[in-house]
Amino acid sequence: MHLLVFIKQVPDASQVRVNYNTGTLIREGVPAIINPFDKHAIEEAVRIKEKFSGTVSVITMGPPMAESSLKEALSMGVDNAYLLSDRVFAGSDTLATSYALWAGAKKIIEEKGDVDIFLSGKQAIDGDTAQTGPGIATRFDIPLVTYAIAIKDIDLKKRTIEIVRLIESGAETIETTFPCFITVEEEINKIRYAPLPYLIRAARATIKILNTKNTKIDSSKCGLKNSPTKVKKAFTPQKRERGEMINKGSMQDTLNFLYENIESTLKDMGKI
Amino acid sequence: MKRKDFDVIIVGAGPSGLAAGFVLAKAGVNTIIIERGKFPGSKNVMGGIFYTKAMDDLIPEFYKEAPVERHIIEQNLWFMDDVSHLGVSFKSQKYNSEPFNSFSVFRAKFDRWFAKKVEQMGALIINETVVTQPIVEGGKVVGVKTDRPDGDLYADVVIGADGVNSFLAKQLGLRNKIKPNIVALAVKEVIGLDKEKINDRFQLRSDKEGAAYEMTGPFLDGMEGMAWLYTNSSSISIGVGVVIQDLIEHKTNPNDLLEKIKAHPSVAPLIEGGQTKEYLAHMIPEGGYYATPKLFTDGFLTTGDAIMFVNNVNREGSNLAIESGKLAAKTYLEAKQTGDFSSKSLSRYQDKIRKSFACKDLSMYKNMPKLLEEKRYFLTKYPQFFIDFVYDWFSVDGVSKPDKIKKAKKEFGDKFGYVNFAKDLYAIWRYMIR
Ligand SMILES: Cc1cc2nc3c(=O)[nH]c(=O)nc-3n(C[C@H](O)[C@H](O)[C@H](O)COP(=O)(O)OP(=O)(O)OC[C@H]3O[C@@H](n4cnc5c(N)ncnc54)[C@H](O)[C@@H]3O)c2cc1C
Ligand SMILES: Cc1cc2nc3c(=O)[nH]c(=O)nc-3n(C[C@H](O)[C@H](O)[C@H](O)COP(=O)(O)OP(=O)(O)OC[C@H]3O[C@@H](n4cnc5c(N)ncnc54)[C@H](O)[C@@H]3O)c2cc1C
């Protein structure tokens, strides 16, 4: 079985701060990490491989520094890592990104054979659109299962897979056929502490670079110029002040306090 | 057949482990380095003064490529009381020429760069993995256990380059528990400051030139310790290290001591307006020559801070770590020729260490910890006397200079006694040449 995981390198959101004067993110000195959802996609792929045997490939589109994320993926048990990196990709929106990743995936298929399951995170913690995975699946014209929280069953003979996915009212179980595309939630698994042999193999592995020279990619579909999404305006939501904590001892006293003060407070705020 | 995954396993990717790895990999030895930090240097957020020689021998002109801050052209030694300092200063244009005597560096950046070089030579570096214990079979070290699943590794030789707390040397019974009187606790801060301000305040002519200060004396309240300050490109490193025993006895917190130094009238203007960027506390082995544990056993060598190969008097540690790492690697290469990795064969390491310049230095200073423990007033009363004398000498207060000398002579006699002073001079002399 061949599994291909799409991963994105993102700034560690827990360490990004906003410059409230300029409204921009302070990215300086913020470490880059694998998008947390994508780590679960890698883990799931490796688990499936361990159970059914096969190989796991991983691809990211990004600048050369994204190599560190690929190294980390390798140390989690991934077999092949590809960095899709070229100046023409700069400024790509989700449409252009999913086009480039699709082209990159086709190159990997050429090298390593057909892919049975494609995996990605449900969304990136910086872009947050959740469009990239679906964009790639659409280009491949294969079944897409989003927000997966469990893989219940895989039947290699029938080439089917049963997936539990989150929906607004709960969860549903879906059966589909290979090849398919799955985007995953964090609940799908717990990331294990990788065994030492994986780390040793990762340290030895080399990362393959894909670009417009060695991969069939139409440059006129990439980059800022060819991205229909236009950022019209960016603004920073106002910093929310911490609310006042009201605790008057007992529940009754607290309620009495609220009852007595709510009207005047709302008036002060100009709400009534 | 006996299991063997690598020729050599090195525990710890500090300067000593990396240097050993560099030499081994260069010689084609199948080498793995295991580091518990996220990357080499990550556990070492701060910087230091790095003497170039040992590294320049390994990678000629490394400083042209490595992340270094400033090369040091001025050294100062200050004896301070609470309101004054009496100093010796040496600045020379000779320090402005390659290969430069020393640099200020940030270890997190520097070690990471060094690690890249070691990887390029062909050694494997595995991060975020803790070695939990040596694997000993038939009295011989044959590998290590790590905290990872499937985490055992086997090799001909294990090199313990795991730093001052060396867990491996302890588990193998090569060293005793470290006593608090031979370990210092150091606290350090990095204070961000504009390049131009640093150049002005320290009278440096470019962003590449740097200055270093060592400070000791009565302001440490009779404790054995040393404070230091030096310039990075756009920050100042400042810190103080005090023997742990003294901190306990004086019930002093090293943080308070550092605050006191930062507020000292001679120091405060140098760092004024700066922003504290990083803070760190760490142990430094102070034991010197006598504290050196056993350096080897069957299938095992140990290097750097783990063997207390640190010369605190001259602030040398990382360069000596590199030196010992190189010697350990050379010992392996010699032993490999006969395939004998027994304790007897590896004992060549001890000879190499003994013959090294560093060991001769350590030997020269070997009685210093004891001397300072016995004669603590070397750091307190003597400097205080000279500070007071110099103050008096430069003060124009109606007393003639000859009278000042007369008064000082008498005071000195009363305070210390000339016979005692002669004895102390003799003690220092004896300790220096022995
Ligand atoms: C006009 C415009 C210009 C832009 N310019 C740039 C730019 O110069 N540089 C830049 O980095 N971003 C740029 N972006 C953002 C970029 O388009 C998105 O980050 C990217 O398309 C992914 O979308 P997302 O972050 O919403 O990811 P989502 O769609 O939320 O991600 C879902 C999943 O898709 C996969 N995935 C997403 N991105 C990648 C990737 N790059 N490689 C592999 N897998 C991936 C991951 O598995 C992820 O969990 C730009 C966006 C716009 C609108
Ligand atoms: C505050 C302070 C200031 C100093 N200033 C200077 C200075 O200005 N100039 C100078 O030359 N020297 C200085 N030194 C000394 C210098 O830092 C050391 O001598 C040098 O780092 C020793 O190198 P090493 O490789 O032996 O050990 P370390 O640099 O301590 O490296 C040991 C490595 O082993 C790893 N490790 C430990 N145990 C395990 C384990 N069980 N499994 C896996 N990995 C493990 C650690 O994470 C670490 O990376 C200073 C030290 C301190 C504390």
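I worked from a predicted model, with pLDDT of at least 70 needed for local features and 80 or more for side-chain atom pairs, while totals for chains, interfaces and linings use all residues. Residues are numbered from 1 along each chain as its sequence is written, chains are lettered from A and ligands numbered from 1 in the order written, and side-chain values use heavy atoms, without hydrogens and water.

**Ligand 1.** Next came polar contacts (pairs of N or O atoms within 3.5 Å). An oxygen atom of ligand 1 is 2.4 Å from a side-chain N or O atom of Asp38(A). A backbone N or O atom of Ala130(A) is 2.7 Å from an oxygen atom of the ligand. The protein buries 78% of the 940 Å² that ligand 1 exposes when taken alone (Shrake-Rupley method, 1.4 Å probe).

**Domains.** I noted domain 1 (2–221) and domain 2 (241–272) in chain A, with bounds from an automatic or database assignment. Their centres, taken over C-alpha atoms, are 48 Å apart.

**Backbone.** I found a cis peptide bond from Phe178(A) to Pro179(A), with omega near -15 degrees. Another cis bond runs from Glu98(B) to Pro99(B), with omega near 5 degrees. Lys251(B), not a glycine, has a positive phi near 50 degrees. Lys251(B) is exposed, at 77% relative accessible area (exposed means over 50%, with a 1.4 Å probe and protein chains only).

Terms used
A polar contact is a pair of N or O atoms within 3.5 Å; within protein, one must be able to donate a hydrogen and the other to accept it, and residues adjacent in sequence count only if both atoms are side-chain atoms. Buried means under 20% relative accessible area, exposed over 50%, partly exposed in between (1.4 Å probe, protein chains only).
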